Amino acid sequence: MPGYVAMLLSLQDPILKSLSLHQLYKACVLKDFPFKTTRQLEPLAEIVGQNRAQEAVRFALAMPHGGYNVYAVGRNGLGKRTMMLRYLEHHADTDHKSHDWCYVANFEEPRTPSVLCLPAGKGQMLKQDMDRLMARLMKLIPQTFDSESFLERAEQLKNEYSKKQEDELEKVANQAKRKKVRLTITTPGGYRLVAMKGDEPHTVESFELLTEEQRARFEDSINKLEKKLRQALRKLAEWEQQYADEQHALNEETLEGIAGRQMDQLIEKYADQPEVKSYLKAVRKDLAESLDIFLEDNEEQAAIAYASLDRKMPRRYQVNLLVHRKDQDVPLVVEDNPTYHNLFGYVENVTFKGTVFTDFSLIRPGSLHRANGGYLLMDAIKMLEQPFVWDGLKRALRAKSLQMHSLERELTLSGTISLEPEAIPLDVKIVLFGDRETWMLLQEYDPEFAELFRVTADFENEMMRTPDSQVLYAKFIASLVVEKKLLHCDQKAVARIIEHSARMAEHQDRLSLHAADIANLLRESDYWARQANANMVRASHVEQALTSARYRSSRIRDQFYDSITDGSTLVSTSGVRVGQVNALSVLSTGGFEFGLSNRITATCYYGDGDVIDIERDVKLGGNIHSKGVMILTSWLASHFAATEPMHLSASLTFEQNYGEVDGDSASLAELCALVSALSGIPVRQDLAITGSVNQFGEVQPIGGANEKIEGFFHTCRLTKVTGTQGVIMPHTNVQNLMLDNEVVQAVRKGAFAIYDVSHAEQAITLLLGTPAGKADRKGRYPDKTVFGAIQQRLEKMREQERQEHSHSDHKHDNKDPSIH
């Protein structure tokens, strides 16, 4: 294997030297930590690394104008909600006044209950005051209005009215009697004048027997008496109204004696609240007109009170305390289930004897009511999933008022009587949490979104890793420990968590801000520490937590590894082979990612220079993968078919691949396989390669570098360890390496190596064991190079083709001399 030997010799070239240990893993320097345990650190009040988002929130909260609501952009687990809650708790506008909101009866328009706005705490006070007053009246009114003194005065009024009524009617009756006419009462309030024959009224027959003069005299008398009767009835009506007024005045006087002092005290108590004062005066006026509520046992009222879990008392005078504040703190509400009713409130109904009833006391608040004057936080996707909620929210924010609409009336043709409560002025800042895709969709398809949510709090996924930021991150870890009530971590445990955070960020100089993952790691480390009866979380416990989590999620990975062990998946990790390369890919199974070795093969044959991508032709290749193949085809043509056609075609495929392939991270491996097939020089099988390539042969970075390297390392352990195995990766990905300790130790022992390349020629030199070659000014590649071998092969084919054409033309000339 002369090529293989040449390859090993070429590794002495300093340009192709493998990576050193410190390039594979950036460990924390413990002397940079000014603490021994997290107990010595003061927990952070803010979320670490989100300065941009915090500034956006600060700006939105400080803006007094409408439309400056916040949309917090970022993937789940970044701590968006936690940061918002902590920031709002510490930086809320303390000058803002909180209010209680109450609904009370509108005595003039019962279907439109009135709203009362009171300072924080006063709403509960008003409700209690009214409850005490009504409880007193429920007891005293029946007693007082059933007392002898009241009944005597009422009876006296009634007797006076009755006597006047009787006297007036008696007067008309006596006049009628003198005219031989009787005044009779037919129905209550109905009177009749009848001609008399002695003591008996005339019948129709007897009246007909009278002379015409007698009949005329009777008719004349009756007409005159009817006029007097009408005059008397008018007097009776006036006296009846006078009696009603006097009875009402008596009721008012009696009621004033019972409740007057209490009402005066209440009006004086709430003198600084004009709305409450007006309401109490309206109650005072309505009490006298609605005494029957207190005097009659109202079955319907009792049923509604029972059904709505209220005490049995006059509901007409209840205070429906919609929102109650115990102090002046700015309201901060998180709505986890933003349905229409949960957000905007609703009016309950109760059923009594098959009939649906409702009143203002059955109005129930929503999150917007509770957050009014403060902040409302909710998830954008959950909110958008609920019908009518988004339109309702925009309507409320535009109008700056909270109108309670009956959703049932909008959705059905129900004729149920409903209420239309008075609108409540709305002053609230909305904070929506969502991902970037939802934010972009709203920006694109809803023109009102940009007007109502003018501030975007863009949450970072990562932060720079410096000695200062590592200390800040340690304080963040300390705050999680305190918040979750976990065991404190020692210095090495904090260092291991920070290193894992860099691994999550896939960058040696950055730290992941995915707070949920760090919190989970702390919980699991705390569990293993407690299992070991330790009084503190140490690095070994963090390592155990990571190992345990990896084991729980690695069943699918182990199945792939089993197929390599039993030979089902064909993998070569030693020897050499023409046109065959070990490429690397990353698979993700529910949050767990792992690398796998994939065999790419290339074959070449006489043709017109095309590269057939088998994956694309059978529709298993994605768009990005197909683009990568087209780019390497362009690279080949620019190197070997710049002036003359290339008469070699090739085909590429991922062996044993039965699913869709996408991404261009295997394009460098595919290029090396093609070059091997074209040159006939074999490829080292103990090396795997990953990287993307552009048309100029520059190697571009890829994702999942750590998982890919570890995947090939484990594949080598499953097959045959040679001590020369390794991985070729893009130079630009060196900064992304945070490799598993097992791989680092293998490199330390010289059993594994990692090489970085920045150009395709370097990768070809490493893999094929022969220099790739550099063209001279005439475009010729040196002998004993890979590109030289390809160029020579193509020239032989072109020469052979020219000879064949020349021979063909000569035969044609001999057959047809007339051409000359």
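Q: Is Ser367 buried or exposed?
A: Ser367 is buried, since its relative accessible area is 0%. Buried means under 20%, exposed over 50%, and partly exposed in between, with a 1.4 Å probe and protein chains only. By the way, this is a predicted model, where local features need pLDDT of at least 70, side-chain atom pairs count only at pLDDT 80 or more, and totals for chains, interfaces and linings use all residues. Residues are numbered from 1 along each chain as its sequence is written, and side-chain values use heavy atoms, leaving out hydrogens and water.

Q: Where does Ser367 lie?
A: Look in helix 13, residues 367-371 (helices are DSSP runs of H or I, at least four residues, numbered from the N terminus). The C-alpha atoms of Ser367 and Leu343 are 4.7 Å apart, though 24 residues separate the two along the chain.

Q: What about Val618, and where is it?
A: Val618 sits in the loop between helix 24 (614-617) and helix 25 (623-640). Val618 counts as partly exposed because its relative accessibility is 48%.

Q: How do I read two packed helices?
A: You describe them by the angle between their axes and the distance between the axes. Here, the axes of helix 27 (residues 705-718) and helix 28 (residues 741-748) come within 10 Å and cross at roughly 65°. So helix 27 is roughly perpendicular to helix 28 (65 to 115 degrees). Their crossing is left-handed, meaning the near helix is turned anticlockwise from the far one by less than a right angle.

Key
Helix = DSSP H or I, 4+ residues; strand = E, 2+ residues; numbered from the N terminus. Axes fitted to C-alpha atoms, helices over the stretch in contact; angles between N-to-C directions. Parallel < 35°, antiparallel > 145°, perpendicular 65-115°, else oblique.
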